[in-house]
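Hello,

Here is the structure you will be taking over. Please open it first, then read the notes below alongside it.

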Amino acid sequence: MTSHSLQNSIIHDLKLAPEGHLKIDWVEAHMPVLNRIRQQFEQEQPFDGLKVTICLHLEAKTAYLAKVVQAGGAQVTITGSNPLSTQDDVCAALVEDGVTVLAKYNPDPEEFKNLQIKALETKPDLIIDDGGDLVTLLQSERPDLISTIRGGAEETTTGIIRLKALEKEGQLHFPMVAVNDAYCKYLFDNRYGTGQSAFDGIIRTTNLVVAGSTVVVVGYGWCGKGVAMRAKGLGANVVVTEVDPIKAVEAHMDGFHVLPMVEAAKLGDFFITVTGNKAVITGEHFDVMKDGAVLCNAGHFDVEVSKPELAKRSESIRTVRRNIEEYRFKDGRKMYLLAEGRLVNLAAADGHPAEIMDTTFALQALGLKYVNDRYNELGKAVINVPYEIDEQVARFKLDSLGIKIDTLTEDQKVYLDSWNA
């Protein structure tokens with residue numbers, strides 16, 4: 001523990017640190033790719049003398065990413081991107097490890113925002129963002145803190161949408177690497193990570209059986225594909241709703257029922273939103289749902305399930321289990337909303353498996369190094385992760401699994417590059 005991290009951190013209770021250290025040690029043992037990058041960073045010191053502010057779901061895997069960036073020479077400050085996903089014991093452990101932490105579990109909205117602003121007031125050189133939270137605060141409330149920032153990396157689809165909107169308006173002030181768009185992110189994290197962790201949160205929270213139920217998956221992007229795949233594997237009847245005709249055809253060809261939301265609403269036992277959009281389940285859908293329907297979100301913000309319309313139809317709202325709110329409608333039906341409509345896989349569980357986040361956070365670490373190495377030439381734009389970094393992470397992953405693959409011969413390379421071979 002450093003005096004700097006202790007004096008500048010705002011956490012719940014430092015005495016919780018021992019349990020947090022155990023959690024971080026566990027994920028470290030299951031993140032071989034990030035371990036390899038940590039060794040590289042310790043030798044090269046790519047962030048020597050720099051300040052890095054991280055805004056992510058603050059649990060053990062994120063904590064280990066912070067330690068890897070710290071190992072590269074950075075002075076690291078971290079804050080939470082979701083009030084319900086912050087784990088107080090992990091925060092305490094990070095403070096003992098010399099990271100400045102500005103986060104608590106379930107602060108009120110004003111305190112939550114103020115903690116994020118305090119993280120920006122450290123005047124970082126680099127940022128790692130989730131959902132565009134930090135960039136949005138810089139743009140809307142603290143433009144005075146923009147000047148020191150060289151660039152950063154963004155974790156999510158929602159964040160990239162926000163960043164591209166800023167770029168289009170000429171309001172993005174530094175380069176941001178779109179980590180979510182890397183192959184090793186959306187092919188594995190979004191699909192296998194969200195698929196498993198969403199049901200981890202649902203099953204832990206409800207203790208209800210999935211087999212034989214009808215699961216409605218709202219959105220068939222990479223996250224939706226993963227959720228639908230896992231629901232099918234657990235024995236559910238799966239219905240997909242979509243607005244994109246191409247994705248709807250894909251869901252149909254993958255063997256799922258495809259229906260408009262108003263029709264799917266009549267059938268579902270579990271509803272899982274994965275769109276990144278607002279109000280995808282609304283009043284007209286609540287009006288036809290079964291008694292006892294379970295609603296949850298694995299997209300991003302708590303706006304996918306319309307909570308105002310849910311409350312409007314209710315004569316009473318009560319918490320019946322941890323992370324389950326019961327909405328009793330005036331006609332006697334009950335709807336159950338998990339984790340306040342926030343990310344069920346993080347607010348009601350521990351997020352994606354360690355092995356999945358190993359590759360995602362490897363991309364974050366290497367993407368941040370890439371921005372720092374080239375920020376003067378990248379421009380004020382959303383930048384794709386270079387394929388070489390994507391491929392490097394995949395090769396590190398294969399090495400950790402003991403898997404070897406073939407390589408092209410020179411003759412094969414010439415053949416593939418030729419038009420008249």
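**Overall picture**

The protein has 18 helices and 15 strands. Its radius of gyration is 22 Å, close to the 22 Å that the globule rule gives for 421 residues, so the protein is as compact as a globular protein of that length. Please keep in mind that this is a predicted model.

Some whole-protein values come next. Along the principal axes, the C-alpha atoms fill a box of roughly 65 × 65 × 45 Å. Of the 421 residues, 55% count as buried. The accessible surface comes to about 18500 Å². Carbon and sulfur atoms account for 50% of that surface.

Start with Thr156. It sits in the loop between strand 5 (151-154) and helix 8 (157-168). Is Thr156 buried or exposed? Its relative accessible area is 13%, which is under the 20% cut-off, so Thr156 counts as buried. Which residues does Thr156 touch, beyond those up to four places away in sequence? They are Asp130, Gly131, Asn180 and His300.

**Asp133 in helix 7**

Next, look at Asp133. This residue belongs to helix 7, which covers residues 133-140. Asp133 is buried, at 10% relative accessibility. Its contacts, leaving aside neighbours within four places in sequence, are Cys55, Ser81, Gln116, Arg162 and Phe301.

**Val218 in strand 7**

Val218 is part of strand 7 (residues 214-218). At 4% relative accessibility, Val218 is buried. What is Val218 in contact with, once neighbours within four places in sequence are set aside? The list is Thr241, Met261, Ile272, Thr273, Val274, Thr275, Val280 and Ile281. For a sense of distance, take Asn106. Val218 and Asn106 are 112 residues apart along the chain, and their C-alpha atoms are separated by 27 Å.

**Gly299 in a loop**

Gly299 lies in the loop between strand 11 (293-297) and helix 14 (307-312). Its relative accessibility is 23%, so Gly299 counts as partly exposed. The cut-off matters here, because buried means under 20%. Not counting residues up to four places away in sequence, Gly299 touches Thr273, Val274, Glu304 and Leu343. Thr273 and Val274 are also among the contacts of Val218. Ala231 is 68 residues from Gly299 along the chain, and the two C-alpha atoms are separated by 16 Å.

**Phe396 in helix 17**

Where is Phe396? Phe396 lies in helix 17, residues 387-401. With a relative accessible area of 11%, Phe396 is buried. Phe396 touches Val33, Arg36 and Ile37, not counting residues up to four places away in sequence. Ala362 is 34 residues from Phe396 in sequence. In space, the two are 9.6 Å apart, C-alpha to C-alpha.

**Two positive phi values**

Two backbone angles deserve a look. Most residues other than glycine have a negative phi. Gln45 has a phi near 50 degrees, a positive value in a residue other than glycine. Gln45 is in the loop between helix 3 (32-44) and strand 1 (51-56). It is partly exposed, with a relative accessible area of 29%.

The other case is Lys123. Its phi is near 55 degrees, again positive in a residue other than glycine. Lys123 is found in the loop between helix 6 (109-120) and strand 4 (126-129). How exposed is Lys123, and what does it count as? Its relative accessibility is 48%, and Lys123 counts as partly exposed.

That is the handover.

Best wishes

How values were computed. Residues are numbered from 1 along each chain as its sequence is written. This is a predicted model: local features need pLDDT of at least 70, side-chain atom pairs count only at pLDDT 80 or more; totals for chains, interfaces and linings use all residues. Side-chain values use heavy atoms; hydrogens and water are left out. Helices (H or I, at least four residues) and strands (E, at least two) are DSSP runs, numbered from the N terminus. The radius of gyration is taken over C-alpha atoms; the globule rule is 2.2 Å times the number of residues to the power 0.38. Buried means under 20% relative accessible area, exposed over 50%, partly exposed in between (1.4 Å probe, protein chains only). Accessible areas come from the Shrake-Rupley method with a 1.4 Å probe; for residues, only the protein chains shown count as cover. Contact means heavy atoms within 4.5 Å.
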